Structure formats: structure tokens, C-alpha cells
Amino acid sequence: MVVGDVMLDRYWFGDVERISPEAPVPVVRIRREEERLGGAANVAYNVQMLGVPATLLTVVGTDDAAQRLQKLLDERRVAHVLGHDATLQTIVKLRVIGRSQQLLRIDFESQPSHEVLSQLLGAVEREVQRHDAVLFSDYAKGGLAHIPRMIEIARAAGRPVLVDPKGTDFDRYAGATVITPNRSELAQVIGRWSDEAMLTERVQALRERLKLQAVLLTRSEEGMTLFDAQGALHVPALAREVFDVTGAGDTVIATLAALVADGMTLREAVPHANRAGSIVVGKFGTAGVTFDELFARTTA
């Protein structure tokens with residue numbers, strides 16, 4: 001079960017042939033438009049791509065973007081429970097692409113109402129028994145205002161809880177099984193570290209204080225490190241050409257959740273999640289990894 005903030009990723013692709021006479025900016029002549037699932041919707045689709053059924057719980061508006069999101073979810077056969085808020089503007093991230101480079105991103109968004117978020121809390125209580133793991137995808141857009149209670153519900157049901165965190169208040173994720181911050185997100189919470197010993201000491205203190213089973217630090221070109229009661233497990237990055245890092249974190253936690261739901265331990269799943277992340281950065285935009293791509297080498 002995937003719970004969190006969703007968005008519609010729109011791409012406008014075009015040609016850049018001149019600079020505007022009105023201002024020193026490129027003029028993009030749009031040739032093609034594309035829409036993709038973003039945020040928690042992309043996470044759910046990433047789980048689905050691995051062959052693991054996923055259900056998305058989220059809040060959207062009643063606008064055209066919400067309809068487009070639902071259509072994309074239906075086309076990709078991602079089950080969903082959508083709360084609708086007429087006052088909410090469904091989040092849209094519009095990217096303008098020229099000569100294979102992102103020139104501009106425009107965001108459209110607003111905060112969901114408290115009443116709709118309470119409905120989402122009820123949906124978690126109803127749906128948790130039908131799923132083997134719960135994944136919270138937090139983009140700090142307001143959809144997970146009740147996440148402490150949601151974590152309590154999931155843990156009371158005996159389900160592993162995985163969280164992709166955001167912001168500086170990690171206390172709201174207390175009791176989760178694992179959180180997956182990147183370097184900058186973690187540094188905002190524990191401060192900058194000068195060496196691995198300092199990093200390990202601070203992360204383990206955070207893990208114990210929040211009663212987490214583990215913290216998975218994603219480190220970009222340095223790979224990733226899992227901190228748990230056994231110590232630190234480091235998995236180096238796989239050498240691969242990086243084309244676009246958009247959504248790489250979504251792929252990592254989606255892979256981790258899918259494998260944990262299927263019975264793997266975190267230590268067993270982390271190397272596969274690391275490989276999934278290395279594959280997806282070679283693709284453009286928010287994308288995912290299939291089961292065959294992920295296990296091609298090990299099953300050959």
C-alpha cells in the first residue's frame with residue numbers, strides 16, 4: 001500500500017532555435033507533450049512494474065489534472081483509493097524541455113483540507129489488512145498530516161512501514177521500520193558530518209531515539225548505506241551513465257518495499273534497490289524498472 005502526495009508530471013518537448021527579443025531567454029517551439037505519474041503515484045507504479053500489486057491512497061482535487069491522473073493510474077492498472085477535495089488544486093509539475101535539456105519547471109499546487117485528510121486516515125485503517133507492507137511517500141505537500149497515526153495503525157497490524165521522508169521533522173516518522181533520506185535531507189536533521197564514524201554515531205542515535213529498525217541513506221554516486229542494529233551495511237554505486245536523476249528515490253524505495261513485502265529482509269533487499277536506482281538514472285524523467293531489468297544478470 002502506497003500513501004502520500006501525488007502529482008501529474010507534464011513535459012513539453014520542443015526545439016530551441018533563437019533567443020527571445022523580449023528578454024534573454026530561449027524561445028521553445030513545442031513539438032510534443034507527455035504526461036506521467038509523479039510523486040507517490042510514480043512510487044506505486046514503480047512497485048507495479050516489478051510485478052507486485054500496489055494500491056495507492058491519496059488526495060486529489062476535482063480538476064482536469066485529477067482526471068488525467070486517474071486515467072493514467074487506470075491505464076497502468078494501479079489500484080487506487082482517491083479522496084477528492086474540490087478546493088484543492090491537484091499538483092502539476094510542468095517541465096519545458098529543449099534540446100534534451102530541462103529549461104524550466106512550473107509548479108501548480110495548494111494544500112488539501114483537514115476533512116479530506118481525515119478520510120484518508122480512515123482509508124488506511126480499512127486497507128492495511130489487505131497489504132503486506134505500507135510505504136509512505138512524503139513530498140511535504142500536506143497529504144501526510146496524519147502520518148504518525150497512520151504509522152501506528154500499520155505497525156499495530158504487523159506490517160513493515162517504509163518512509164521516504166521530507167523536511168526537518170523526522171519525529172513524525174517515529175516507529176517506522178525504515179526511512180530512506182538522501183544526504184541533504186539527513187544533514188538537515190543530524191547536521192553535517194566530517195567522517196563515517198561521526199555519520200554512523202549520529203544516525204544510530206537517531207534510529208534508536210525514533211525506534212526505527214533501520215535508516216537507509218541514499219548517497220547518489222557513493223551508493224547507499226543501511227544503518228541497523230547490526231551496524232552499517234554499505235553498497236557502492238554501480239558504474240552507469242547518469243542521464244536523469246528525477247524519480248530515482250521513488251524507484252529505490254518502491255523496490256525496497258516490493259521485496260520486503262515479498263519476504264526479504266532489509267539487508268537482502270538493499271543491494272537490489274541500489275541496482276534499481278542505478279538503472280533508472282539512465283532513463284529520462286520519472287520512470288521505473290521492470291522485474292526483468294532488475295534481475296537480468298542474476299537470472300541469466
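**Pocket lining and nonpolar cores**

Helix 7 gives the largest share of the lining of the second largest pocket, three residues. The model is predicted.

Student: What makes Met-1 and His-131 lining residues of the second largest pocket?

Tutor: A lining residue has an atom within 4 Å of a pocket point. Met-1 and His-131 are among the 17 residues that line this pocket, and they belong to those nearest its centre, together with Val-52, Pro-53 and Ala-54. Each therefore has an atom within 4 Å of a point of the pocket. About 280 Å³ of space lies in the pocket.

Student: How is the lining of the second largest pocket divided by class?

Tutor: The lining has 13 nonpolar, two polar and two charged residues.

Student: Which residues touch the most other members of the largest nonpolar core?

Tutor: Among its 50 residues, these are Leu-56, Leu-216 and Leu-256. Elements supplying at least two residues each include strand 4 (55-60), strand 11 (214-218) and helix 7 (248-261). Helix 7 provides the largest share of this core, nine residues. A separate core has 37 residues, including Met-1, Ala-157, Ile-179 and Leu-199.

Notes. Residues numbered from 1 in each chain as written. Predicted model: local features only at pLDDT ≥ 70, side-chain atom pairs only at ≥ 80, totals over all residues. Heavy atoms only, no water. Core = buried A, V, L, I, M, F, W, Y, C linked by side-chain atoms within 4.5 Å. Buried < 20%, exposed > 50% of the residue type's maximum accessible area, 1.4 Å probe, protein only. Helix = DSSP H or I, 4+ residues; strand = E, 2+ residues; numbered from the N terminus. 1 Å grid on protein atoms, 1.4 Å probe; cavity = no way out; pocket = protein on both sides within 12 Å on 5 of 7 lines; lining within 4 Å. Points joined across faces, edges and corners; volume = space filled by probe spheres on them. Nonpolar A, V, L, I, M, F, W, Y, C, P; charged D, E, K, R; others polar.
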